[in-house]
Amino acid sequence: MARVLTGIQSTGVPHLGNILGAIIPAINRSKIKGNESFLFIADLHSLTQIKNSDQLKRNTLNTAAAWLSFGLDTKHTVFYRQSDIPEVAELAWYLSCFYPYQRLTLSHSFKDKSQNLKDINSGLFYYPVLMAADILLYDANIVPVGKDQLQHLEITRSIASRFNNHFGDTFVTPKAELEKNSSYVIGTDGNKMSKSKDNIINIFQNDNLLMKQVMRIKTESTAIDEPKNPKNCNVFKIFSMIASEKDINILKKRYYSGDVGFGEAKKILLDEIKDKFKTERDKFNFLVSNPELVEKKLESGSKKAKHFANKVLKRVRLKLGYDK
Ligand code: ADP
Ligand code: TRP
């Protein structure tokens, strides 16, 4: 049995790209029998960028509510908040003493972030070590990640083998599993949807705000009754990622025959989003209005996670000579 673990950044309400590219695939994967699944909200990592405690809490609530609304089953997945297990920070310290400073300076993500962010704090630099601790603290075998996180996994594997070589077998050396994100969801401007680009569709907001975002999708200026190529249309591209094959074909024909204008196409997309995600939107709103329910789920997950974390940490302390 493999233990599959992954962390989720909690930097805002998950958008349609996060939902289709990360949430739904991860939930489907967690249903595969024979695997043990650990999923946590990386709120300690968020502190590298967010210094407002209300915002940190709100982001955790929104992120957890989004995952739960899409059917994350907390009976089969250990779902927890990183900061509830401060042992991870202790392990991160130990690990940092086994990884050369010089190697950490080669981190791509730090280079990217330090070029784009104003607050270049040491936490940003130390980020991969905390991530290694997230993984090694739970004896994870498999870590599903996007391409941008592969280097962090290499760092984790390198730290684990350095420690193991020095003290004998202590950590499980995890494997990265590259997420096959062959096609990404485009945003309202036609580029990859990303919270940093002001082009997102947030399906969880109210109908009016959702409508405004959908209406913002960039389109060409072809007249209503002229034939259009659906492949060049941002509205159609988003529609085809969520609608049924039958509905996609119907709309495709209407594009080619000049039977639909972009205004109507946007309205069709909006209705599809509302229809397809009705249950999830209702559940999300229910959960954010009842944060104590989310809290209860996270607390119970954190209790389970702590149990595993303490076992590993004890093993590590023993090797280091910090045991009593
Ligand atoms: P963002 O680009 O909005 O900052 P993140 O980098 O936090 O998003 O990504 C979180 C997860 O969502 C990752 O697994 C990533 O692959 C996925 N994801 C983000 N944007 C998209 C998108 N536009 N299409 C598909 N998947 C996406
Ligand atoms: N750094 C990851 C990201 O940006 C989030 C994360 C933190 C993570 N700790 C992790 C992912 C451990 C996998 C395993 O998406």
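**Exercise 1. Polar contacts of ligand 2**

Task: In this predicted model, find which polar side-chain atom lies 2.9 Å from a nitrogen atom of ligand 2, then build up the surroundings of that ligand.

Solution: 
- Step 1. Start at Gln149: a polar atom of its side chain sits 2.9 Å from a nitrogen atom of ligand 2.
- Step 2. Move to Asp134, where a polar side-chain atom is 2.7 Å from a nitrogen atom of ligand 2.
- Step 3. Now look for a ligand oxygen: one oxygen atom of ligand 2 lies 2.9 Å from a side-chain N or O atom of Gln9.
- Step 4. Check the cover. On its own, ligand 2 exposes 360 Å², and the protein buries 90% of that.
- Step 5. Ask which elements give two or more residues to the shell around ligand 2. They are β1 and α7 (122–136), and α7 gives the most, with four residues.
- Step 6. Widen the view to the 13 residues that surround ligand 2; Gly7, Gln9, Tyr127, Asp134 and Gln149 are the closest. By type, the shell divides into seven nonpolar, five polar and one charged.

**Exercise 2. The strand behind the site**

Task: Is strand β1 mostly covered or mostly uncovered, and how is β1 joined to β2?

Solution: 
- Step 1. Locate β1 at residues 2–8 and inspect its cover: six of its seven residues are buried, where buried means under 20% relative accessible area. The strand is thus mostly covered.
- Step 2. Follow the pairing. β1 and β2 (residues 35–41) run parallel and are joined by seven bridges.
- Step 3. Pick one pair to view: Thr6 has Leu39 of β2 as its bridge partner.
- Step 4. Together with helix α1 (residues 16–30), β1 and β2 make a right-handed β-α-β unit.

**Exercise 3. Contacts of ligand 1**

Solution: 
- Step 1. Begin with the side chain of His15, which has an N or O atom 2.7 Å from an oxygen atom of ligand 1.
- Step 2. Turn to the backbone. An N or O atom of Gly17 is 3.2 Å from a nitrogen atom of ligand 1, and for Val185 a backbone N or O atom lies 2.9 Å from a ligand 1 nitrogen.
- Step 3. Finish with the shell. It holds 13 residues, and His15, Val185, Met193, Ser194 and Lys195 come nearest. Sorted by type, the shell has four nonpolar, six polar and three charged residues.

Technical notes:
Residues numbered from 1 in each chain as written. Chains lettered and ligands numbered in written order. Predicted model: local features only at pLDDT ≥ 70, side-chain atom pairs only at ≥ 80, totals over all residues. Heavy atoms only, no water. Near = heavy atom within 4 Å. Polar contact = N/O pair within 3.5 Å; in protein donor to acceptor, adjacent residues only side chain to side chain. Nonpolar A, V, L, I, M, F, W, Y, C, P; charged D, E, K, R; others polar. Buried < 20%, exposed > 50% of the residue type's maximum accessible area, 1.4 Å probe, protein only. Pairing = 2+ DSSP bridges. Right-handed = clockwise from strand over helix to strand, strands pointing away. Areas by Shrake-Rupley, 256 points an atom, 1.4 Å probe, with all protein chains shown as cover.
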